Amino acid sequence: MRPVNESISPLQGDLPEAPNDSKDKIAAVHDKSPKMYARNEQMHLLKQQKLSQVLGSPPLGGDLPIPSGSGLVASSRGKVDVSEVSNVIPISEIKISRIDLANHVSLQIFSAEKIRDNKNVILFLHGGPDLSYNSDFDRLTSWSLAHGYPLVAPEIAGSDKPGLTSTSDSFTNPPNYVRDFQAVIQYLRQQSDFKEKAFCVIAHSWGGFQLASFLTDKSVASEDKNFIKQIVFMSPNLDSAHTRIFEMHDRIGGPTFEVELSNEMTRRHAGEKSASAGKIDFFNNPVMKKNLNEEISPFYRLEQMPKEIPCLFIHPTKDGVVPASQSLAAMEKINRGGGNAKIVMTTNGDHAFFKAGQADDLVMATCMSAIDSLINNPDSLDKVTVDDESVVISDLDDIEKKIKEKDDRYESQSNLLREWHEPGSVSNVTGKKNKIQVLKLMQEKKEALLRNFEQHKMTSHDQYRITLNSLAMIKQALET
């Protein structure tokens with residue numbers, strides 16, 4: 001979210017030059033298209049009107065209310081009392097700083113003089129890959145500033161920024177995105193403006209994969225991990241294979257499945273511009289190889305998360321990209337490992353309930369209020385909340401039953417991976433295919449294609465040899 005008059009300056013005074021590296025320089029970058037941004041603000045104006053009433057946030061182009069005194073008061077439900085919001089931040093006073101680090105990593109910092117001295121800061125990891133923090137996130141930026149939190153939005157490996165696109169690499173040690181996020185944390189730790197701040201990291205979707213990978217990576221120093229004071233996972237993708245099977249369920253075994261799965265896994269785990277480009281194919285990817293999925297996906301290491309950092313999961317039950325049951329299972333794993341995780345589930349809203357064009361005002365009000373409570377009064381949050389109702393039970397089956405009572409269309413997807421990998425475990429009721437069924441289906445298609453080549457005497461064609469090799473790999477996979 002940028003002010004129309006393009007007022008851009010550092011958070012507090014002049015930020016120092018990063019030492020001894022010409023790449024680690026700090027630049028205040030002016031938007032080259034203020035007219036376009038002004039048009040975007042006008043487009044979001046009507047959508048923001050309702051949100052301003054629910055959250056205490058104004059429409060873009062107006063003034064931002066901020067908390068007075070000690071901040072907002074959270075109720076036992078985690079609801080923010082918007083009557084406590086007072087004072088305003090004129091749009092013209094919003095400051096946006098741009099910091100460039102090594103390896104093309106960068107940060108945007110959104111702040112204003114009136115909230116400069118506030119203790120708490122939000123750091124937001126957007127999803128993707130191949131996305132960036134842009135005007136689609138205006139509502140989140142508006143909410144953060146309106147409630148007194150400066151917001152830091154980094155761009156790391158895999159972002160849709162020059163030098164970062166198609167660079168996600170889960171095969172390096174540590175993965176590129178872990179290395180880059182650690183560089184962001186280390187930069188913030190060294191800045192006098194941030195040394196006394198308490199950072200709440202909000203990670204959405206693929207950003208959740210990156211954050212959980214960082215927090216469970218043994219090569220990351222504990223002082224870097226513990227710089228984070230609160231964690232929020234919003235619809236996080238923590239299990240690569242589980243998420244892909246869920247999101248692609250209607251295309252599994254279809255004519256484009258083989259290529260689509262390979263391309264998607266390459267984009268996420270061996271970016272085309274990374275050192276591991278070419279490692280992913282249809283057979284060598286987390287969906288097809290259970291061991292590889294458990295090696296790459298942070299879901300299987302969640303017990304190693306820092307125990308002292310409180311964690312909040314937020315997940316709409318109607319999310320069509322990442323199954324909500326994955327967050328429930330993740331919460332259980334963290335708590336079983338001695339951590340402190342809670343969850344808020346909503347029976348409305350989709351995967352990106354806070355983004356332009358997809359926003360649900362009431363869902364955003366519930367979820368963002370819970371984040372505010374996590375920061376200011378974590379004891380006010382129930383362990384499990386479905387919409388506004390506390391679920392005072394710990395058994396996942398009972399929680400799923402409670403969700404089903406409130407959302408009769410909800411279907412737990414917690415057994416998707418087991419059904420995928422184990423022959424005979426797929427229910428005829430669900431109609432989902434498992435790996436054996438898909439491989440047999442592909443075998444039939446490859447054999448038919450080979451017969452077609454042979455009938456037309458085209459056995460010297462390159463595609464014939466490629467198909468022949470694919471068939472051999474399929475048969476080998478079926479045998480093992």
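Visitor: Which exposed residues does the face of α13 turned away from its buried side carry?

Guide: E444 and Q455. Exposed means over 50% relative accessible area, buried under 20%, and partly exposed in between, with a 1.4 Å probe and protein chains only. This is a predicted model, in which local features need pLDDT of at least 70, side-chain atom pairs count only at pLDDT 80 or more, and totals for chains, interfaces and linings use all residues. Residues are numbered from 1 along each chain as its sequence is written, and side-chain values use heavy atoms, leaving out hydrogens and water.

Visitor: And which residues of α13 are buried?

Guide: K435, V438, L439, M442, Q443, K446, L450 and F453. They line one face of the helix, because they fall within an arc of 140 degrees when seen down the axis of α13. That arc is taken from the directions from the helix axis to the C-beta atoms.

Visitor: Why would residues three or four places apart point the same way?

Guide: An α-helix has 3.6 residues a turn, so they do.

Visitor: What covers the buried residues of α13?

Guide: The cover includes α7 (257-269), α12 (416-421) and α14 (462-479), judged by contact, meaning heavy atoms within 4.5 Å. Helices here are DSSP runs of H or I with at least four residues, strands are runs of E with at least two, and numbering starts from the N terminus.

Visitor: What caps the N-terminal end of α13?

Guide: N434, with a side-chain oxygen 3.3 Å from the backbone nitrogen of I436. A polar contact is a pair of N or O atoms within 3.5 Å; within protein, one must be able to donate a hydrogen and the other to accept it, and residues adjacent in sequence count only if both atoms are side-chain atoms. Just after α13, K457 has a positive phi of about 50 degrees.

Visitor: Switching to the sheet. What is the strand order?

Guide: The order is β3-β4-β6-β5-β7-β8-β9-β10-β11-β12, an open sheet of ten strands with mixed pairing. Strands pair if DSSP finds at least two bridges between them. At the edges are β3 (95-100) and β12 (389-390), each pairing on one side only.

Visitor: In which sense do β8 and β9 pair?

Guide: Parallel, over four bridges, between residues 228-234 and 311-316. I231 is opposite C311 in β9.

Visitor: Last one: where is T165?

Guide: T165 sits in the loop between β6 (151-155) and α3 (176-190). T165 is partly exposed, at 22% relative accessible area. Not counting residues up to four places away in sequence, T165 touches D130, S159, D160 and K273.
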